[in-house]
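Biologist: I'm new to this one. Can you walk me through it?
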Amino acid sequence: MVSYDEKHRYEIARQTMLNQHLASRDIHDARVLEAMGSVPREAFVPEKYASQSYDDNPLPIGLGQTISQPYMVAFMTQALKLTGNEEVLEIGTGSGYQTAILAELASKIYTIERFNQLGESAQAILGRLGYENIEFYIGDGSCGWPENKEFDRIIVTASVPEIPTPLTNQLKEGGLLAAPVGGPWSQELIVAEKKEGKVEPKILCGCRFVKLIGKHGFTE
Ligand code: SAM
């Protein structure tokens, strides 16, 4: 249970993060800033790191995985140009923090996590926070959503050697996909639009993510 004082301290820290690390850099989408200013990141961070919740860093969440840096969460979300009506596929639920930001900004989120433990923990946290527009699946997200379905947006939150074909197949015409693409130690963040059945990637910046382990990702 978070006390009133603690809640207030976190709110101040969240505002500071918003001003220092997001708005003063290149995060300008007002809806993204509003979502980043309202989702309590401390709820997704293991207790021993709670005091670092609003530092602009990734943090360990167990099983060798991380909750992404707030700036990167905001930057990738902004690249998806969400208006509120989209169905979004997220590969790599992790802590569930990025899922919450997406759930604030789109109509429905479908999220896949490889580790049962992380997927279940994220589902419990997001349930406690009251999100009702999220479907969860445990499995290999490099193979896409297990049902035959197309999405307006796809976000991959772990690195891939190349964009997995099952994901481009599940992207709607005119849809956008964001992913870190490259080697295991460093990647380029790309955003790709699907046009006439093909995706056209545009490089946004360099980045470093944990590996997507799966049939169309890296081997362990
Ligand atoms: N966005 C998340 C957050 O805010 O906490 C962080 C995601 S973390 C950088 C990457 C996640 O991708 C990890 O939880 C990892 O277990 C997951 N992952 C790796 N390979 C996967 C796969 N093939 N399918 C689904 N999830 C996978």
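Modeller: Here is a quick tour, from overall fold to core.
Modeller: This is a predicted model, where local features need pLDDT of at least 70, side-chain atom pairs count only at pLDDT 80 or more, and totals for chains, interfaces and linings use all residues. Residues are numbered from 1 along each chain as its sequence is written, and side-chain values use heavy atoms, leaving out hydrogens and water.

Biologist: How many helices and strands are in the chain?
Modeller: Six helices and nine strands. These are DSSP runs: helices are H or I with at least four residues, strands are E with at least two.

Biologist: How much of the chain is buried?
Modeller: Of 220 residues, 51% are buried, meaning under 20% relative accessible area with a 1.4 Å probe, protein chains only.

Biologist: Which residues touch the most others in the largest nonpolar core?
Modeller: Leu22, Ile27, Met36, Phe44, Tyr97 and Ile101, out of 45 members. Such a core is a set of buried Ala, Val, Leu, Ile, Met, Phe, Trp, Tyr and Cys residues joined through side-chain atoms within 4.5 Å.

Biologist: Which elements supply at least two residues each?
Modeller: Among them are helix 1 (4–23), strand 1 (59–62) and helix 5 (116–128).

Biologist: Now charges. How many positive and negative side chains?
Modeller: 21 positive and 29 negative. Lys and Arg count as positive, Asp and Glu as negative; His and the chain ends are not counted.

Definitions and conventions. Buried < 20%, exposed > 50% of the residue type's maximum accessible area, 1.4 Å probe, protein only. Charge placed at Lys NZ, Arg CZ, Asp CG, Glu CD.
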